[in-house]
Amino acid sequence: MKAIWNGQIIAESNDTKVIENNHYFPADSIKEEFFKSSDTHTNCPWKGVASYYTINVEGKENQDAAWYYPKTSDLAKQIEGYVAFWKGVEVVE
């Protein structure tokens with residue numbers, strides 16, 4: 001799977017996990033130069049507290065377009081540390 005934004009592959013992996021129709025990419029599959037930590041956090045009742053990244057490609061910024069769970073509940077351990085995308089990031093095979 002590939003995550004693409006602003007014409008750039010920002011993550012690529014053959015080992016994504018699909019939860020609630022979102023592909024979660026292993027942390028080591030994202031291209032870190034495009035990711036900046038955000039202060040945004042949200043809570044999922046069954047997964048835990050999510051943290052976010054803002055994506056920056058060629059000077060264009062996509063605020064909080066990626067999220068991950070640094071520490072999940074027991075029910076979501078399979079995606080702990082994995083990164084998912086939204087806000088126009090295209091995820092394709």
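Author: A strand here is a DSSP run of E that holds at least two residues, and strands are numbered from the N terminus. The model discussed below is predicted.

Reader: In which strand does isoleucine 55 lie?
Author: Strand S6 covers residues 48-57. Isoleucine 55 lies in strand S6.

Reader: How many helices and how many strands does the chain have?
Author: Read from the N terminus on, the elements run β-β-β-β-β-β-β-β-β. The secondary structure therefore comes to zero helices and nine strands.

Reader: What is the radius of gyration of the chain, and what does the globule rule give for 93 residues?
Author: The C-alpha atoms fill a box of roughly 40 × 30 × 20 Å along the principal axes. The chain is as compact as a globular protein of its length, because its radius of gyration is close to the value from the globule rule. The radius is 12 Å, and the rule gives 12 Å.

Reader: What share of the 93 residues is buried?
Author: A residue counts as buried when its relative accessible area is under 20%. In this chain, the residues that are buried make up 44%.

Reader: Is isoleucine 55 buried or exposed?
Author: Isoleucine 55 is in contact with residues beyond its sequence neighbours, including Trp5, Ile10, Phe34, Phe85 and Val89. Its relative accessibility is 0%, so isoleucine 55 counts as buried.

Reader: How far apart are the C-alpha atoms of isoleucine 55 and serine 38?
Author: Along the chain, serine 38 and isoleucine 55 are 17 residues apart. Their C-alpha atoms are separated by 9.7 Å.

Reader: Which residue has its backbone nitrogen 3.2 Å from a polar atom of the side chain of threonine 54?
Author: Threonine 54 also has its place in strand S6, and it is buried, with a relative accessible area of 2%. Beyond four places in sequence, it touches Phe34, Phe35, Lys36, Ser38, Glu61, Asn62, Gln63 and Asp64. The backbone nitrogen at 3.2 Å from the side chain of threonine 54 belongs to aspartate 64.

Reader: Why does threonine 16 count as buried?
Author: Threonine 16 lies in the loop between strand S2 (8-12) and strand S3 (17-19). The cut-off for buried is under 20%. Threonine 16 counts as buried because its relative accessibility is 19%.

Reader: Which side chain does a polar contact of 2.9 Å join to that of threonine 16?
Author: Leaving out residues up to four places away in sequence, threonine 16 touches Met1, His23, Tyr24 and Phe25. The polar contact of 2.9 Å joins the side chain of threonine 16 to that of histidine 23.

Reader: What is the phi of asparagine 6?
Author: Asparagine 6 lies in the loop between strand S1 (2-5) and S2. At 32% relative accessibility, it counts as partly exposed. Asparagine 6 is not a glycine, yet its phi is positive, at about 55°.

Reader: Where is the place of glutamate 20?
Author: Glutamate 20 is not a glycine either, and it has a positive phi of about 50°. Its relative accessibility is 49%, so glutamate 20 counts as partly exposed. Its place is in the loop between S3 and strand S4 (22-24).

Methods. Residues are numbered from 1 along each chain as its sequence is written. This is a predicted model: local features need pLDDT of at least 70, side-chain atom pairs count only at pLDDT 80 or more; totals for chains, interfaces and linings use all residues. Side-chain values use heavy atoms; hydrogens and water are left out. Helices (H or I, at least four residues) and strands (E, at least two) are DSSP runs, numbered from the N terminus. Buried means under 20% relative accessible area, exposed over 50%, partly exposed in between (1.4 Å probe, protein chains only). A polar contact is a pair of N or O atoms within 3.5 Å; within protein, one must be able to donate a hydrogen and the other to accept it, and residues adjacent in sequence count only if both atoms are side-chain atoms. Contact means heavy atoms within 4.5 Å. The radius of gyration is taken over C-alpha atoms; the globule rule is 2.2 Å times the number of residues to the power 0.38.
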